[in-house]
Amino acid sequence: MEVSKSFIDKINSEFTSSLHFASPLPGSRTNEFDLVRGVLQILQGFSSCLFYWEKGIGQGYRARKGLYVTHLSQTSLGMVLDQFVYSATCLKLVELRLCEIEDMSGRSRSPPPTLRAFASSASAWLRKLRDIALTEELKMNNSNTGTAPTILGLGNSLTRLCGGAEYLLQIVHGAIPIEGDTPLSSAETAVHILNHLYEKLNDACLVQGGEEDSYRMLLYIFVGCLLPYIEVLDSWIFEGILDDPFEEMFFYANKTIGIDEAEFWEKSYLLRSTQHKKLSAAHLIQHIPITSTLVGRHHESMTHQLSLSEIFCLSLTALIGHGDHMSEIFWKNDKIVSATSTEKLLAAYSEKIWHKFLVDALNNDMKVEQNLDLVVPFQPLLSSFCPENPTITVCQKVLQAKANTHDWNSLNLSKNYILPPLNDDKLRKAIYGEEFMTAKGTNYACGFPFGDPRAQHGIKVVESLFPFPTILPSFKWKQEELMMSEVLPFQKNSTLVSKVLGWIQTVEPKSTPLPVVILRECLTFYIKKQVDHIGNQILSKLLYDWKLMAELGVLRDVYLLGSGDLLQHFLTVVFNKLDKGESWDDDFELNTVLQDSIRNSADATVLSSPDSLVVSLTKSDGDAQQTTTTASSFLVSSPRKNHRAQVSGINDLDSLNFTYKVSWPLELIANAETLKKYNQVMNFLLRVKRAKFVLDKARRWMWKERGTPTVNRKHRWLVEQKLLHFVDAFHQYVMDRVYHSAWRELCEGMAAAGSLDEVIEVHEAYLLSIQRQCFVVPDKLWVLIASRINSILGLALDFYSVQQTLSSGGAVSAIKARCDKEVDRIHKQFDDCIAFLLRG
């Protein structure tokens with residue numbers, strides 16, 4: 001019987017009757033039902049008799065050659081099929097690329113967490129897109145309406161799938177770095193993935209109508225890839241444990257520095273150097289090294305307090321789903337929201353989806369604990385989440401049912417560990433022979449003293465470590481049951497996180513915020529709050545347990561010469577050596593004198609031990625240059641005529657460098673750089689003190705002079721009085737402003753400080769204040785003023801040299817005349833300096 005020709009066949013035969021090769025082969029003809037089913041199958045990643053996967057350079061799905069249907073031309077059919085074949089190829093390429101990442105797990109080099117998270121998130125979205133095709137195939141197979149699916153109608157129902165397939169391939173292709181000759185480190189891989197997703201999400205946030213799928217896809221994958229980072233930050237900031245075995249965080253622990261070293265606070269954690277610099281959060285690692293262990297989650301509150309990843313997902317749900325900014329509500333009493341602080345949220349936000357997630361996450365733990373208090377005696381069920389055995393987490397309802405009927409013995413290891421003997425007589429006879437047969441069958445109880453109480457205790461211990469080894473989870477798809485898929489992908493805090501990720505896949509976002517807004521509102525807010533909380537805890541310990549103010553008081557007594565008796569003997573010895581021109585460049589001798597001065601001082605108790613303060617000499621570049629290790633290197637002293645070579649300059653004391661061993665852990669406040677600033681102030685105060693010392697000594701010589709007062713002698717008295725008055729007044733001013741007023745301001749600032757950062761700022765302001773009062777700040781005006789003050793202090797030494805010359809036998813008229821001229825010069829320069837200071 002001849003098959004009737006369709007309209008397309010009649011037209012085709014009319015023009016190609018003489019061209020046999022132009023006629024479609026009858027074997028290539030297919031019906032539309034099979035064609036639609038074949039398209040749906042390749043979209044799910046399967047080949048069929050109509051479509052196949054071609055490997056090689058141009059790999060992709062291909063339709064069988066000559067394939068046609070009766071109501072479409074081959075050209076039209078090809079145009080229709082191209083979009084489906086291209087989408088199926090995109091999905092298959094995504095699958096192959098993700099399989100390469102999964103195959104890395106079997107090699108020596110396992111993929112880092114962020115790369116694994118990306119592969120898991122992309123795979124989940126790949127399944128979501130393919131489920132669209134699966135749903136269409138199920139509808140087609142279960143349809144009882146008699147309406148056959150068409151290839152043209154399929155294009156309308158799979159629009160979202162086709163668009164999502166191409167976009168997913170673009171994301172996977174751009175996010176996964178292509179390794180060259182040198183493999184990328186885990187940190188570089190993580191930064192590349194997160195940066196790419198961040199930029200793509202930044203572009204997709206301004207979505208138009210119908211483009212929400214792209215934003216959802218990017219948001220889902222971006223959140224999934226952030227979770228490993230957030231988990232590490234959570235354990236580090238909240239528990240003080242840096243758990244980063246793959247070394248993909250932007251910082252790392254510097255194990256070369258001990259906790260008791262001065263550099264521990266600043267260098268115990270260092271930023272990791274990578275080719276990418278965008279993910280840099282140096283502010284996160286300030287003040288954290290040992291502080292986070294002090295304020296970690298308390299054991300009794302861990303059951304009810306949410307983790308950083310959970311609160312991140314909840315905040316994101318509120319922001320995306322309702323446009324709610326809930327960070328201020330989720331952070332209460334210096335901690336993340338807990339079960340005891342949710343009552344006020346019930347009335348106002350009970351209709352919000354994020355509120356349901358929050359209540360479910362917190363109340364489940366509370367219900368389990370309430371039930372366990374009455375019936376359940378086992379420790380592993382103290383929480384609905386058991387990370388060491390996910391099966392228990394999944395089988396909560398089964399275990400609760402067993403607990404209510406007191407039927408846990410069938411699940412306990414201690415009641416079911418004796419296995420029956422094995423009937424292996426024939427096997428034992430074949431191996432040992434009948435003459436060596438000592439027992440019938442293998443008895444598993446042989447050699448194990450089950451009646452021994454110690455053995456029973458050991459079984460109990462094993463049971464507590466791995467409870468219910470025989471229970472198997474249910475994989476039934478029920479809405480009310482917790483599924484294994486919600487536990488295994490994320491071993492920590494998985495239930496709430498997986499629910500939120502599932503919600504992102506289907507939600508119609510009320511707002512599509514920029515990624516910077518998401519990170520600021522949902523993540524960095526809580527990190528900064530915890531950092532501030534840690535700072536407050538450290539502040540309390542610094543002020544009360546570690547006695548910060550007492551230590552700063554020691555620095556004040558030593559470097560600001562507040563305890564004059566402490567260094568009196570040392571300074572007297574050094575000043576005398578300078579006056580006599582004796583050598584004083586022996587560090588050992590200087591430290592011996594310093595220790596004697598401290599031990600014999602009435603203020604010796606100021607220091608914990610005499611050797612906690614050490615003095616050393618810094619090397620100068622030359623006689624005309626000042627030392628490079630002091631801040632007074634920019635102070636310019638006026639040139640002076642050395643009448644006696646043994647009298648040194650006013651800046652010679654700048655080579656003294658005092659080092660005080662600050663008690664641990666107060667190096668956070670008083671570090672090496674801070675001690676340099678203290679030394680700068682001390683060097684200036686030592687100049688003033690030496691000028692006062694030589695003028696007092698010159699006065700004693702002048703009082704010893706006898707005879708009729710002459711005009712020149714009266715002139716010297718006048719100059720000496722002017723110098724002494726200025727030095728005494730200036731010394732009093734400096735000590736009043738530096739030692740008393742600045743210290744009072746420091747105490748007031750410390751009392752008002754509310755965080756560790758504020759304490760550091762107050763102390764730095766205190767240091768700057770005393771530096772300015774002592775004119776050792778690199779400011780132009782201050783340098784000019786300091787140069788005149790330094791000149792006056794140098795004139796005091798010049799006057800001392802003149803008086804020393806006259807007192808040591810300068811009775812020759814020529815010497816007296818030269819001394820009188822020198823006094824005139826000193827007087828004139830002094831008046832010039834005073835005039836300049838008064839104008840300033």
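**First stop: two helices side by side**

Start by selecting Phe-118, Ala-122, Leu-126, Leu-129, Ile-132 and Ala-133 in helix H4, which meet Arg-160, Leu-161, Gly-164, Ala-165, Leu-168, Ile-171, Val-172 and Ala-175 in helix H6. Sorted by class, this contact of H4 with H6 holds twelve nonpolar residues, one polar and one charged. Here Ala, Val, Leu, Ile, Met, Phe, Trp, Tyr, Cys and Pro count as nonpolar, Asp, Glu, Lys and Arg as charged, and the others, Gly among them, as polar. Contact means heavy atoms within 4.5 Å.

A word on what you are looking at: this is a predicted model, in which local features need pLDDT of at least 70 and side-chain atom pairs count only at pLDDT 80 or more, while totals for chains, interfaces and linings use all residues. Residues are numbered from 1 along each chain as its sequence is written, and side-chain values use heavy atoms, with hydrogens and water left out.

The crossing of H4 and H6 is left-handed, a term for the near helix being turned anticlockwise from the far one by less than a right angle, with clockwise being right-handed.

**Second stop: another partner for H4**

To see the contact, select residues of H4 including Ala-117, Ser-121 and Trp-125, and residues of H8 including Arg-216, Tyr-220 and Tyr-229. The contact of H4 with H8 has twelve nonpolar, three polar and two charged residues.

Next, pick Ile-101 in helix H3 (residues 74-103). Is Ile-101 buried or exposed? Ile-101 is buried, with a relative accessible area of 4%. Buried means under 20% relative accessible area, exposed over 50%, and partly exposed in between (1.4 Å probe, protein chains only). Leaving aside neighbours within four places in sequence, Ile-101 is in contact with Pro-111, Leu-115, Ala-119 and Ile-176. Draw a C-alpha to C-alpha distance from Ile-101 to Ile-176: the two are 75 residues apart in sequence and 9.5 Å apart in space.

Most residues other than glycine have a negative phi. Lys-547 has a positive phi of about 55 degrees although it is not a glycine. Find Lys-547 in the loop between helix H19 (515-545) and helix H20 (548-559). Lys-547 is exposed, at 52% relative accessible area.

Phe-775 also has a positive phi, of about 60 degrees, and is not a glycine. Look for Phe-775 in the loop between helix H25 (756-773) and H26. Phe-775 counts as buried, at 9% relative accessibility.

In H26, 22 of the 28 residues are buried.

For H22 (residues 587-599), select the buried Leu-590, Asn-591, Val-593, Leu-594, Gln-595, Ser-597 and Ile-598. They pack against helix H21 (568-580), strand S7 (613-617) and strand S8 (656-660).

**Last stops: Asp-820 and the whole chain**

Select Asp-820 in helix H27 (residues 813-839). Asp-820 is buried at 18% relative accessibility, and touches Asn-712 and Arg-716, not counting residues up to four places away in sequence.

Finally, zoom out to the chain, with its 27 helices and eight strands. Helices (H or I, at least four residues) and strands (E, at least two) are DSSP runs, numbered from the N terminus. Of the 840 residues, 48% count as buried.
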